[in-house]
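Please walk through this structure step by step. Keep the 3D view open as you read.

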Amino acid sequence: MSTSTIKDFRNGVKPNWCPGCGDFSVQAAIQRGAANLNLSPEDLAVISGIGCSGRISGYIRSYGLHGIHGRALPIAQGVKMGNRDLTVVAAGGDGDGFAIGIGHTIHAMRRNMDITYIVMDNQIYGLTKGQTSPRSEDGFITSSTPEGSIEKALSPMEMAITSGASFVAQCFSADIKELTATIEAGIQHKGFSIINVYSPCVTYNKVNTYDWFKENLTKLSDIDGYDASNHEMAMNTLMKHNSLVTGIVYQEEKPSYQELVKGYAEQPLAHMNLDLQPELFRELVNEFI
Amino acid sequence: MLTYMILTVTVLKGADFMKTDLSWKVGGQQGEGIESTGEIFSKTLNRLGFYLYGYRHFSSRIKGGHTNNKIRVSTEKVQAVADNLDILLAFDQETIDLNYHELHEKGVIIADTKFKPVKPEDSKAELYPVPFTDIASDLGTSLMKNMVAIGATCAVMNLEVEDFSVVIEEIFNRKGGDMVQKNMKAIQEGYMYMQKSLGEKASTLYLAKAENTHKRMFLIGNDAIALGALTAGVRFMPAYPITPASDIMEYLIKKLPRVGGTVIQTEDEIAAVTMAIGSNYAGARSFTASSGPGLSLMMEAIGLSGMTETPLVVVDTQRGGPSTGLPTKQEQSDLMAMIYGNHGEIPKVVIAPSTADEAFYDTIEAFNIADEYQCPVILLTDLQLSLAKQTVETFDFDKVHIRRGKLITSDIEQTDEKDYFKRYEVTEDGVSPRVIPGVKGGIHHVTGVEHDEAGRPNETASNRKQQMDKRMRKLSNLTKRFPNPITVNVPTTKTDLLLIGFNATRGAIEEAVHRLREDGLNVNHLQIRLIHPFPAAAIKPYIDGADYVLVAESNATGQLANIIKMNVGHVNKIQSILKYDGDPFQPHHIYDAGKELLEHVYINN
């Protein structure tokens, strides 16, 4: 059996991200994690949304689909339903997943399909040149909130836990080691994994900078006795640290959607013979006679 | 095994009085069992070899509100709601008040004595009160009042009570043999009561014998679509409930697990269509079904399917719009939206079957076209086609062929490992080889951004033109390759009037054509099945040769007429008959319009 290397996941396309953008590290972590898990590039499908971060599927050598704004998750779930043998990673920004696509995000967590969702959270809209995001802090001044944001910032981790996600994690793009390990754990997790990655926008977000995160983030691995399987501890810790933590926040072993669907073929639907058995056809026709 | 019984007609009054086409309507409050009464009646008659056409009138609520089911029984094929009514079964006064005007002078109202039915002063039909509820209660439960009503119908139509036993057994056997007997007894009692009340009067409503008693299917268009999808190889359907499309997902929820597949009820229509795209991209056959409001939400994603050349089938069961509009009523007003609804320009196919059997075969063809041309296909129906229950010839499995076009599912030899597969290779026919995830040597990128042959974003002018031209030329031969883009009923070379329609108007137009011909007019008919790309070359000669063209459609702006004018010309000779009151066309609407148009012409001459 051949062994994958990070080079197998590189396609030589130069990203159009700004120098210093956090998304470079996310891309590298996905590539490194996939190699560490010894995935074959053709068995990985990266499905991304729209925005700066949505371009990521074009920068990884694997199958990939860059869809429409906010819909990475339903497309990714469709891919998984169509071929359950694929490793499916959905990726996008905080606008994609927490503004236009938040409905899909919540329902994907409830559904618990065996896919991994990586959000590159820069707390701002970058590609459209610096408008507020549902992740922007109170009072955050942007081109669309010149007087400062007056809407409450969304808390993805708490939302994910209460929505039924079975793997909830948060990372910081500058900590590529923890990020890579978390992505690997998310891919290995049987069920829906959400990994919210603080991925600073060096061009439009002058508040939540690399230095700001370094100062404010707490690693869960540094908290004595932190138990990610403890629902109450996870919620209390998030509240105590204003959600500014990194690592696996919560993980629960439960059957994935794919395992719960009655009658769902073990074989990928994409590989099935499409012809109906003539006996079954006759039986179905007779029901209308 | 199913048993087929031959209807034995006791010819009491002579063949002159036998009806070969009869309309029966049962009405009452929604949730009162009106639906099951119609179901038992029609299923039995279908098995006796009659052709049926059942159309439900219902409201957007669960219980209460007037509902009725009008079922036409004929010895010949019928696909329209009849102009008038022979028998009205009423479970409340509202049913009489709302429907008696449809009855002709020899028609009958059979009503439950329980509500003390009153015959409206100007009613031409006779009222027969029958104690539906009382007879049923005496037999054990008032729930069987529907069976008493069916029994009364048997007496009026001269049907054998025994003919109902097979269907009654199928329905009530689960509840025990006792229930079968009780229900049969209720039918018998209803029959005898009615027989006594009638005396000699009902002879004009005796139903003639069905001539051909071979097996035929009796189903709604939505079931035909669902069965078509299953037969076409669909194994996954993401969908969001909406009237009048939900039957399609409900059927597949029951059947897909038998072939390893499933349905997901998604959070909204956007999730439904994008999941279908994801699944099709992965290589499965997937689709979704909705109605106008859902289709509006799906438009951006349909554009993604067009741009990324990912096969996609979406069923639009049209209903009264706009907005929530008339959600339980007939309309054909999504036509333009289905052709032009998405932003930007993509190759797209719109197919509009007009009968349940066409709906079955066209659904299969829709999946084949989506795969062969790698583009979205809208299967357009309307509420009448989707929900009207009709008799059709049994679907022919030998006619089913699955074609997947240039699909590659096995590993490809790579010359350079790092090269991307040319998923969007510029080819002569515009269709490129399509490879699915998991295939070695097939890695490429897919994006809704304009892209090069390997799928990499590319905004250069030359690439844009090349890829746009490639996509747009894919459908250039479709109007020639599509089987039967129009259904032609043009027996005469001289055409005084050409009638044109699409979807469920077909039956009403056919009957109007028949009557106009009986009046000595040269009237012909085209029913358009391929809406987009428009089969202009096939249609043009018929329009060229017609003195006048009348387009019948259920909308307020004449959308089909405008499409014909745009593609074929002849702006002055094309006129419209439009109906947008929520009710389906009946033959007389079209007959009257045809007459009026031609008479007007004669007056001017």
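In chain B of this predicted model, G54(B) stands opposite K389(B), a residue of β14(B). That pair belongs to the meeting of two strands. Strand β2 of chain B covers residues 51-57, and strand β14 of chain B covers residues 389-393. They run antiparallel, and two bridges join them. What holds such neighbours together? Strands of a sheet pair through backbone hydrogen bonds, either parallel or antiparallel.

Now widen the view to the whole sheet. Eight strands of chain B form an open sheet. Their order is β6-β5-β4-β1-β3-β2-β14-β7. The pairing is mixed. Which strands stand at the edges? They are β6 (126-130) and β7 of chain B. Each has a single partner strand, so one side of each is left without a neighbour in the sheet. From one strand to the next, the twist averages 20°.

Next, step back to the domains of chain B. The domain assignment gives domain 1 (16-214), domain 2 (219-399), domain 3 (406-478) and domain 4 (487-604). Take domain 1 and domain 4 of chain B. Their centres, taken over C-alpha atoms, are separated by 35 Å. The two domains are in contact, with six residues from domain 1 of chain B and eight residues from domain 4 of chain B. On the domain 1 side, four residues are nonpolar, one is polar and one is charged.

Chain B also touches chain A. This contact takes 58 residues from chain B and 50 residues from chain A. Several elements of chain B each supply at least two residues, including β7 (216-220), α7 (221-231) and β17 (445-447). Which element gives the largest share of the chain B side? It is α9(B), with 10 residues. By class, the chain B side divides into 29 nonpolar, 17 polar and 12 charged residues.

Strands pair across the two chains as well. Strand β2 of chain A (residues 63-66) and β17(B) pair in the parallel sense, over three bridges. In β17(B), T447(B) is the bridge partner of H66(A).

Finish inside chain A, with two helices. Helix α1 (residues 23-36) and helix α6 (residues 176-188) of chain A pack with their axes 8 Å apart, at an angle of about 55°. That angle makes α1(A) oblique to α6(A). Their crossing is right-handed. Among the residues that meet are A28(A), A29(A) and I30(A) in α1(A), and L179(A), I183(A) and I187(A) in α6(A). The residues of this contact divide into seven nonpolar, four polar and two charged.

Key. Residues are numbered from 1 along each chain as its sequence is written. Chains are lettered from A and ligands numbered from 1 in the order in which they are written. This is a predicted model: local features need pLDDT of at least 70, side-chain atom pairs count only at pLDDT 80 or more; totals for chains, interfaces and linings use all residues. Axes are lines fitted to C-alpha atoms, for helices over the stretch in contact, and angles run from 0 to 180 degrees between N-to-C directions. Helices (H or I, at least four residues) and strands (E, at least two) are DSSP runs, numbered from the N terminus. Angles under 35 degrees count as roughly parallel, over 145 as roughly antiparallel, 65 to 115 as roughly perpendicular and the rest as oblique. A crossing is left-handed if the near helix is turned anticlockwise from the far one by less than a right angle, and right-handed if clockwise. Two residues are in contact if their C-beta atoms, placed from the backbone, lie within 7 Å. Ala, Val, Leu, Ile, Met, Phe, Trp, Tyr, Cys and Pro count as nonpolar, Asp, Glu, Lys and Arg as charged, and the others, Gly among them, as polar. Two strands pair if DSSP finds at least two bridges between them. Domain bounds come from an automatic or database domain assignment.
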